[in-house]
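Good morning, and thank you for making time for this item.

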Amino acid sequence: MKNMQGKSLSVEEAQGIATEALLQLSREPEQIGRFLAFSGIGPEMIRDAAGESGFLAGVLEFYMADEALLLTFCENAGIRPTMIAAARFALAGGEPDHA
């Protein structure tokens, strides 16, 4: 994934980043287990949930809570870490995080 400089992310671009992040999680059994516990869903529900922007925003929030995981993903995906926050913002409809 290329760096997208000088423009806001579209929802489609943000979904692409979040989907890629979810795929990376799925390749790491320990991390997907942590994510499932974080999200409160079971493995059988991931496919359906992945179609929802709120769920995909949650995937990005999970990465944002773990700097090492975030940096590894960004390096593998070829994107800046700030793109994760921008993607999360786009998926949440521009609403600030109230956590």
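**Helix packing and the nonpolar core**

Let me begin with a contact between two helices: in H1, the residues Leu22, Leu25 and Ser26 meet Gln31, Ile32 and Phe35 of H2. By class, the residues of this contact comprise four nonpolar, two polar and no charged. Please bear in mind throughout that this is a predicted model.

Now to the geometry of that pair. Two packed helices are described by the angle between their axes and the distance between the axes. Here, helix H1 spans residues 11-26 and helix H2 spans residues 29-39, and they pack at an angle of about 120° with axes 7 Å apart. H1 is therefore oblique to H2, since angles of 65 to 115 degrees would count as roughly perpendicular and those over 145 as roughly antiparallel.

Let me step back to the whole chain. The protein chain contains six helices and zero strands, so that, from the N terminus on, its elements run α-α-α-α-α-α. Of its 99 residues, 38% are buried. If we take contacts between residues at least 6 apart in sequence, 63% of them join residues at least 24 apart.

Which residues of H2 are buried? They are Gln31, Ile32, Phe35 and Leu36. These residues cover an arc of only 135° around the axis, and this places them on the same side of H2. In general, an α-helix has 3.6 residues a turn, so residues three or four places apart point the same way. Pro29, Glu30 and Ala37, on the other side of H2, are exposed. The cover over the buried residues of H2 includes H1, H3, H4 and H5. After H2 comes Gly40, with a positive phi near 80°.

Helix H6, residues 82-91, can be read in the same manner. Its buried residues include Met83, Ile84, Ala87, Arg88, Ala90 and Leu91. They cover an arc of only 160° around the axis, and this puts them on the same side of H6. Among the elements covering the buried residues of H6 are H1, helix H4 (53-64) and helix H5 (67-77). Just after H6, Gly93 adopts a positive phi of about 70°.

In soluble globular proteins, nonpolar side chains tend to be buried together. In this model, the largest nonpolar core has 31 residues, of which Phe35 and Phe73 touch the most other members. Two or more residues are given to this core by each of H1, H2, helix H3 (46-49), H4, H5 and H6. Which element gives the most to this core? It is H4, with seven residues.

Leaving aside its neighbours within four places in sequence, Phe35 is in contact with Leu22, Leu25, Phe55, Gly58, Val59 and Phe62. Leu22 and Leu25 belong to the H1 side of the contact with which I began.

Is Thr72 to be counted as buried, exposed or partly exposed? Its relative accessibility is 39%, so Thr72 counts as partly exposed. In sequence, Thr72 and Gln24 are 48 residues apart, while in space they are 9.9 Å apart, C-alpha to C-alpha.

Definitions and conventions. Residues are numbered from 1 along each chain as its sequence is written. Side-chain values use heavy atoms; hydrogens and water are left out. Axes are lines fitted to C-alpha atoms, for helices over the stretch in contact, and angles run from 0 to 180 degrees between N-to-C directions. Helices (H or I, at least four residues) and strands (E, at least two) are DSSP runs, numbered from the N terminus. Angles under 35 degrees count as roughly parallel, over 145 as roughly antiparallel, 65 to 115 as roughly perpendicular and the rest as oblique. Contact means heavy atoms within 4.5 Å. Ala, Val, Leu, Ile, Met, Phe, Trp, Tyr, Cys and Pro count as nonpolar, Asp, Glu, Lys and Arg as charged, and the others, Gly among them, as polar. Buried means under 20% relative accessible area, exposed over 50%, partly exposed in between (1.4 Å probe, protein chains only). The arc is that of the directions from the helix axis to the C-beta atoms. A nonpolar core is a set of buried Ala, Val, Leu, Ile, Met, Phe, Trp, Tyr and Cys residues joined through side-chain atoms within 4.5 Å.
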